[in-house]
Structures are given as structure tokens and as C-alpha cells.
Amino acid sequence: MGMKKLSIVVLISGNGSNLQSIIDAVEAKQINGQITAVISNNADAYGLERAKKHNIDQQVISHKSFTCREDFDHALSQKLTHLNPDIIVLAGFMRILGSALIQAFERKILNIHPSILPSYKGLNTFQRAIDNDEKEHGVSIHIVTPELDDGPVILRGRYPILTGDTASSLQGKGHRLEHKMYSKVLRWLGQGDLQINADTMIFQGKLLERPIEFEDNETS
Ligand code: GRF
């Protein structure tokens, strides 16, 4: 109702199932927004096909064409400056971004990470959780800061680790949650329920002091 559409750029490296969930939510008008471009560092990413099928601009900036991380970041940064999105969504984007780029788009970059942050930053979170006999694992959506998997967490989802679970079964459970969670955060941003400011986040009119716990059955 009168609110400007959230312009979203999605960065991917691979399959893009999270991208698909966002595309679907935008098309179903669950998000007051539009995906203005999908950028991949990998020309073979299946997510590019998904974008194409839905007539979304796709761009490849291959990290292999650059001799160092700074040059790749610079090219990506120029592209992002040109696109000027409200929000940049990392959805299985498997490159670490340098602090210059992150600072240039401060508090505009979101990431989804397969753990209950701040636990299990980094890779192989599923196997590490199993090896440590954890009883639950999860998914976090957070603001990207220069420190890896470290920025303020917006939304956190959990699922149980049961006897017989493997890294791959946990990944499946995680994906099912992820696909609901990213759209939810973008829905909140698009309708003004969530505001990300320089030092604070406001959620439904109140200062957000701790991560929101995702409830699988909610409809809001
Ligand atoms: C997701 O599981 C996410 O947690 C991680 O990368 C994966 C991307 O999957 N950051 P997809 O490309 O969205 O299918």
C-alpha cells in the first residue's frame, strides 16, 4: 500500500534453491519487492537458469578472471553501485567478500548461514554439530559484517538432530527452513515491518534486541 518496492539483488554461486524461494515469493506477491539482478561468480551456477526462466537479469562476474580478491570485489562493487539495490542477498554465494566492499554497502548485505549463530560459523556445520552430539541445529539470517558469519542475526530457525541423522539429512531439514526464512525477512523489509538502521534494527515498532525465533507455522 503505497510503499516503494524493495529492490533486491541476489548473489549466488550454485544451485540457487534459496533464490528460487525468493523468486516464488515475489511472484506470489508475498514480498513487496523485485529482484533487479542475480549475480553469480560462477558461470555454471544453476541459479542463473532459474533467473533466466523468470526473466530476471543475470550477470556473471567470474572470480577466475581476476588475479586477486580486491579486483574481483572492485568489479562486483561497481556492478552493485550501478544497480543500487535496497538490499543485497547472499544466497549460497561462496566467496568471502572483502571489508571494503562490505563497508561500501554497510548493513545492506544479508547472508543465510546453516547454523544457530553464533555457534558453528564457517563450513561443514552439519557434520560438526553431529560430531559434537548436539541435539539441535538451525539456520540464521544475519547482516554481513567484515568478520565471517559474525554480523547481527535477524532471524534464527531451529530443528532437532535425531538419531540416524546425517550431514545430508540435516542439510535437507535446513534447506526447508531456509526457503521459508529468507522470504519472511524480505517480506518484513518490503512492508516496513523491519528496518535496518545504522546501529539498530526496528521490528514491528520495537527495538530488536535479540534474534527473532522463526516459527514454522506462522503466516504473518
Ligand atoms: C544454503 O544451504 C546456505 O545455507 C548456504 O549455501 C546454501 C545455498 O543453497 N549459505 P542454494 O544455492 O540456495 O540451493
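This report walks through the sheet of a predicted model and a few residues around it.

Residues are numbered from 1 along each chain as its sequence is written, and side-chain values use heavy atoms, with hydrogens and water left out. Because the model is predicted, local features need pLDDT of at least 70 and side-chain atom pairs count only at pLDDT 80 or more, while totals for chains, interfaces and linings use all residues.

**The sheet**

Let us begin with the strands. Helices (H or I, at least four residues) and strands (E, at least two) are DSSP runs, numbered from the N terminus. Eight strands make an open sheet with mixed pairing, in the order E3-E2-E1-E4-E5-E6-E7-E11. Its edges are strand E3 (58-60) and strand E11 (212-213), each of which pairs on one side only. Two strands pair if DSSP finds at least two bridges between them.

Helix H3 (residues 69-83) packs on the sheet and touches E1, E2, E3 and E4, its direction making about 165° with that of E2. Helix H6 (residues 167-190) also packs on the sheet, where it touches E1, E4, strand E5 (109-113), strand E6 (136-143), strand E7 (153-160) and E11; the direction of H6 makes about 150° with that of E7. Contact means heavy atoms within 4.5 Å, and angles run from 0 to 180 degrees between N-to-C directions, with axes fitted to C-alpha atoms, for helices over the stretch in contact.

Strand E1 (residues 6-12) pairs in the parallel sense with strand E4 (residues 87-90) over four bridges, and valine 10 stands opposite valine 89 in E4. E1 also pairs in the parallel sense with E2, over seven bridges; here leucine 11 has isoleucine 39 of E2 as its bridge partner.

How many of the residues of E1 are buried? Seven of its seven residues are, where buried means under 20% relative accessible area, exposed over 50%, and partly exposed in between (1.4 Å probe, protein chains only). In a regular strand the side chains alternate between the two faces of the sheet. Leu6, Ile8, Val10 and Ile12 point one way from E1, and Ser7, Val9 and Leu11 the other way.

Isoleucine 35 lies in strand E2 (residues 33-40) and counts as buried because its relative accessibility is 11%. Leaving aside neighbours within four places in sequence, the contacts of isoleucine 35 include Ile8, Val10 and Leu19.

Lys and Arg count as positive and Asp and Glu as negative; His and the chain ends are not counted. A salt bridge is a side-chain nitrogen of Lys or Arg within 4 Å of a carboxyl oxygen of Asp or Glu.

| Buried residue | Nearest side chain of opposite charge | Distance |
|---|---|---|
| Arginine 50 | Aspartate 24 | 7.2 Å |
| Aspartate 149 | Arginine 128 | 7.3 Å |

Arginine 50 sits in helix H2 (residues 46-53), and its side chain makes a polar contact of 3.2 Å with that of glutamine 20. A polar contact is a pair of N or O atoms within 3.5 Å; within protein, one must be able to donate a hydrogen and the other to accept it, and residues adjacent in sequence count only if both atoms are side-chain atoms.

Aspartate 149 is in the loop between E6 and E7. A polar atom of its side chain lies 2.8 Å from the backbone nitrogen of glycine 122.

**Backbone details**

A cis peptide bond joins leucine 117 and proline 118, with omega about 10°. Tyrosine 120, in the loop between E5 and H5, has a positive phi near 55°.
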